[in-house]
Amino acid sequence: MWKMSTDRPAGAPARLSPLSRVALNGPTMGSRWSAVVYTGGELPADELSRAFQAAVDLVDTQMSTWRADSDLNRINAAPVGRWIDAPPQLIDVLSAGIAIGRASDGAFDIGVGDLVAGWGFGAHASPGRSVPARDSGRTADWQAAPQSLEVDPVNRRVRKHAALALDLSGIAKGYGADCLAEAARRCGIVSGLYGIDGELRAIGSKPDGSAWAIALEAPDRTSRGAAGVVDLVDAGVATSGTYRHWRDVGGRSISHTIDPRSGAPIAHDLASVTVIAETSMAADAWATALLVLGPEAGLRLATRLNLSVVMIRESGEQMQHIAS
Ligand code: ADP
Ligand code: MG
């Protein structure tokens, strides 16, 4: 068991007024969102709940690959070469996805949609062609996003330079958690923990000044236990693991995380990667990126970029870098 802490603003005052703890959740992105907030009762719980639901619904409407009418699927269906208008939140996430794609030397790639489908995952899974004859050679018909997608943030539009299946599943849940936090802030809430399917964002500390203690699941397919605890204050945390989403293909388990450089599902002994970052979006994308890079290259890059990470190998061995 380990424990990792994020910095707390020096001298953050403990509150004197009594605040009540409200826990809310609802459906989103094929999973659930959750929020634990401390409020002075300015807003009734049902109103808060509606504000949170609206925040995640906006993300889903824009970024889902499962909804034919999402803005993302509109871009996916658009002809190559034509400028397509896109809402500002989607522009931000596409830009962040491309930036993290570049910073990870292509390990994270939001253009990975066709590969994900080809290996039998996601909204457009075509498992018929997913059972691989061999582990490579699937790269010919797909395009990396940083080269093929032009984002124009000033005019809020994007243009594809090649046929491209964008997939934001490796980053959108984290972004959604950030949007929950933002919605709470707009309601005047200064202390809360927000999450979608394990991608979390903490705002402030708890009213008594203590951090949000997050137990990290041990990467085990058959049982659930904690591998360690992260104390979170004003930060995001996300975990990607081969142990959570996988398909059994001919006795082999296939991960839904694809290495865009080989075109094949990742195959190494890294069971999970947890990243702590300023936002849940960055933590989410980096967790996926470092999982693709694997134990050695992943830890090297995390160290070089000064990211806080905990990596757990299938053997149970843990490696970490704590940002200075
Ligand atoms: P989880 O936390 O559920 O394990 P991740 O955040 O790791 O999920 O995202 C995995 C999803 O991201 C996959 O289901 C796929 O849609 C997409 N994806 C797979 N490989 C990559 C990649 N190399 N870069 C970006 N997105 C990816
Ligand atoms: Mg991710």
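## Salt bridges and a magnesium site

Glu150 is partly exposed, with a relative accessible area of 29%. Here buried means under 20% relative accessible area, exposed over 50%, and partly exposed in between, with a 1.4 Å probe and protein chains only. The model is predicted: local features need pLDDT of at least 70, side-chain atom pairs count only at pLDDT 80 or more, and totals for chains, interfaces and linings use all residues. Residues are numbered from 1 along each chain as its sequence is written, chains are lettered from A and ligands numbered from 1 in the order in which they are written, and side-chain values use heavy atoms, without hydrogens and water.

**Exercise 1.** Find the residue that forms a salt bridge with Glu150.

Step 1. A salt bridge is a side-chain nitrogen of Lys or Arg within 4 Å of a carboxyl oxygen of Asp or Glu.
Step 2. The residue is Arg159, and the closest N and O atoms of the pair are 3.0 Å apart.
Step 3. Arg159 is partly exposed, at 22% relative accessible area.

**Exercise 2.** Determine what Glu296 and Arg313 tie together.

Step 1. The two form a salt bridge with closest N and O atoms 3.2 Å apart.
Step 2. Because Glu296 lies in helix H8 (residues 295-305) and Arg313 in strand S17 (residues 308-313), the pair ties together parts 17 residues apart in sequence.
Step 3. Glu296 is partly exposed, at 47%, whereas Arg313 is buried, at 14%.
Step 4. Both belong to a network of salt bridges that links Asp269, Glu296, Arg313 and Glu317. The structure holds 12 salt bridges.

**Exercise 3.** List the donors of the magnesium ion (ligand 2).

Step 1. Donors are N, O and S atoms within 2.8 Å of the metal (3.2 Å for Na, K and Ca); water is not among the atoms, so sites may look incomplete.
Step 2. The ion is coordinated by Gly170 (O), Asp284 (O), Asp284 (OD) and Thr288 (OG1), at 2.1 to 2.5 Å.
Step 3. Along the chain, the donors follow the spacing G-x113-D-x3-T. Gly170, in the loop between strand S6 (157-160) and helix H6 (172-186), is 114 residues apart from Asp284, in helix H7 (residues 280-293).
Step 4. Gly170 and Asp284 are both buried.

Technical notes
Helix = DSSP H or I, 4+ residues; strand = E, 2+ residues; numbered from the N terminus.
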